[in-house]
Amino acid sequence: MDMRADVLIVGAGMVGSALALALQGSGLQVLLVDGSSLSVTPYDRDGAFEPRVSALSAASQRILERLGVWDGILQRRASPYGQMQVWDGSGTGQIHFSAASVHAEVLGHIVENRVVQDALLERLHDCDLGLLANARLEQMRRSGDEWLLTLADGRRLRAPLVVAADGANSAVRRLTGTATREWDYLHNAIVTSVRSSQPHQRTAWQRFTDTGPLAFLRWRGTGRKIGVRLSGRPPLPNPNA
Ligand SMILES: Cc1cc2nc3c(=O)[nH]c(=O)nc-3n(C[C@H](O)[C@H](O)[C@H](O)COP(=O)(O)OP(=O)(O)OC[C@H]3O[C@@H](n4cnc5c(N)ncnc54)[C@H](O)[C@@H]3O)c2cc1C
């Protein structure tokens, strides 16, 4: 028999998982499906850093607190930053943000995406929300007033509302024929972890150069290890040349 929900969320990444938790207590029957196993990675404090990180603002922190996952993030690892120093490579301009100037303790936290994801999943497994792992969406079509979704293993799901939270290469987007506009920014990015010779001073550093920004985002609570994100693009063509 087909499974049915009021809201069917496809994709249990940071977006889909957070939405499912936010809908808890709404009275709606929510079903969250994902193609992966949705298992929580055993946490290793000294494990390698994941290159994908997010800068979480105080507003994002409040959302995650309300969802009951902020403690799970802090128990793993998150690196607060209290200052941000931004300047341009030619030395003509700079701007400095500090938590003290807005009477706050921190400006935000740099957190590995895996950590956010695991804290969300941990909370989801403790809730009574419908969660379907190893459930890869393969087909989708309208059926009366509802959407009918078929998974790779043949299971069928029905819902009047489907949320596409299945990432950049969304199957929902493709299967519903949702149009997108895309263009190439001619940007390339390198993300890696380095150990710096100087302490990071709880500061996120960003330098804008002619070939793109260079950002050092602090990553480790007490040590000197920080994340570095380099991004560059070919110089823009000179219209006068
Ligand atoms: C290097 C880098 C740095 C970034 N830095 C930042 C930052 O500082 N701040 C910020 O806000 N954003 C940042 N982003 C962007 C951010 O990481 C993404 O926007 C965010 O992870 C997207 O989350 P999501 O939940 O929408 O998708 P995803 O994390 O991609 O999750 C999609 C989920 O859908 C599932 N799925 C996919 N296809 C199917 C299917 N057919 N059936 C079932 N399930 C499916 C997948 O298994 C996955 O669990 C960065 C991205 C990169 C690459």
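Reader: From which domains does the shell around the ligand draw at least three residues each?

Author: This is a predicted model, in which local features need pLDDT of at least 70 and side-chain atom pairs count only at pLDDT 80 or more, while totals for chains, interfaces and linings use all residues. Residues are numbered from 1 along each chain as its sequence is written. The shell draws at least three residues from each of domain 1 (1-39 + 133-180) and domain 2 (51-112 + 181-241).

Reader: How many residues surround the ligand, and which are the closest?

Author: By class, the shell has ten nonpolar, eight polar and four charged residues; here Ala, Val, Leu, Ile, Met, Phe, Trp, Tyr, Cys and Pro count as nonpolar, Asp, Glu, Lys and Arg as charged, and the others, Gly among them, as polar. The ligand is surrounded by 22 residues, and the closest are G11, G13, V15, G167 and A171.

Reader: Which element gives the most residues to the shell around the ligand?

Author: Helices (H or I, at least four residues) and strands (E, at least two) are DSSP runs numbered from the N terminus. At least two shell residues come from each of α1 and β4 (53-57). The element that gives the most, with three residues, is α1.

Reader: Which residues of α1 are buried?

Author: A residue is buried if 20 or more other C-beta atoms, placed from the backbone, lie within 10 Å of its own, exposed if 12 or fewer, and partly exposed in between. The cover over the buried residues of α1 includes β2 (7-10), β3 (30-33), α4 and β13 (161-164). The buried residues in α1 are G16, S17, A18, A20 and L21.

Reader: At roughly what angle do the axes of α1 and α4 cross?

Author: Two packed helices are described by the angle between their axes and the distance between the axes. Axes are lines fitted to C-alpha atoms, for helices over the stretch in contact, and angles run from 0 to 180 degrees between N-to-C directions. The axes of α1 (residues 14-22) and α4 (residues 113-126) come within 10 Å of each other, and the crossing angle is roughly 30°.

Reader: Is the crossing of α1 and α4 left-handed or right-handed, and which residues make the contact?

Author: A crossing is left-handed if the near helix is turned anticlockwise from the far one by less than a right angle, and right-handed if clockwise. α1 passes α4 in a left-handed crossing. Two residues are in contact if their C-beta atoms, placed from the backbone, lie within 7 Å. The contact is formed by M14, S17, A18, A20 and L21 of α1 with N113, V116, Q117, L120, L121, R123 and L124 of α4.

Reader: Is G108 buried or exposed?

Author: G108 lies in strand β8 (residues 108-112) and, neighbours within four places in sequence aside, is in contact with A55, L56, S57, A58 and Y81. Its C-alpha atom is 5.5 Å from that of L56, although G108 and L56 are 52 residues apart in sequence. Because 22 C-beta neighbours lie inside 10 Å, G108 counts as buried.

Reader: Is Q94 buried or exposed?

Author: Q94 belongs to strand β7 (residues 94-98). Beyond the neighbours within four places in sequence, Q94 is in contact with V86 and W87. Since 11 other C-beta atoms lie within 10 Å, Q94 is exposed.

Reader: What is the phi of Q201, and what is that of R202?

Author: Q201 is found in the loop between β14 (188-195) and β15 (203-209), and R202 lies in the loop between β14 and β15 as well. Q201 is exposed, with 11 other C-beta atoms within 10 Å, whereas R202 is partly exposed, with 16. Neither is a glycine, yet phi is positive, at about 60° for Q201 and about 50° for R202.

Reader: What distance separates the C-alpha atoms of T211 and S26?

Author: T211 is placed in the loop between β15 and β16 (212-218). T211 is partly exposed, as 13 other C-beta atoms lie within 10 Å. T211 and S26 are 185 residues apart along the chain, and their C-alpha atoms are separated by 48 Å.

Reader: What percentage of the residues of the protein count as buried?

Author: The protein has five helices and 17 strands, and its C-alpha trace spans about 65 × 50 × 35 Å along the principal axes. Of its 241 residues, the share that count as buried is 26%.

Methods:
A residue is near a molecule or strand if its C-beta atom, placed from the backbone, lies within 6 Å of it. Domain bounds come from an automatic or database domain assignment.
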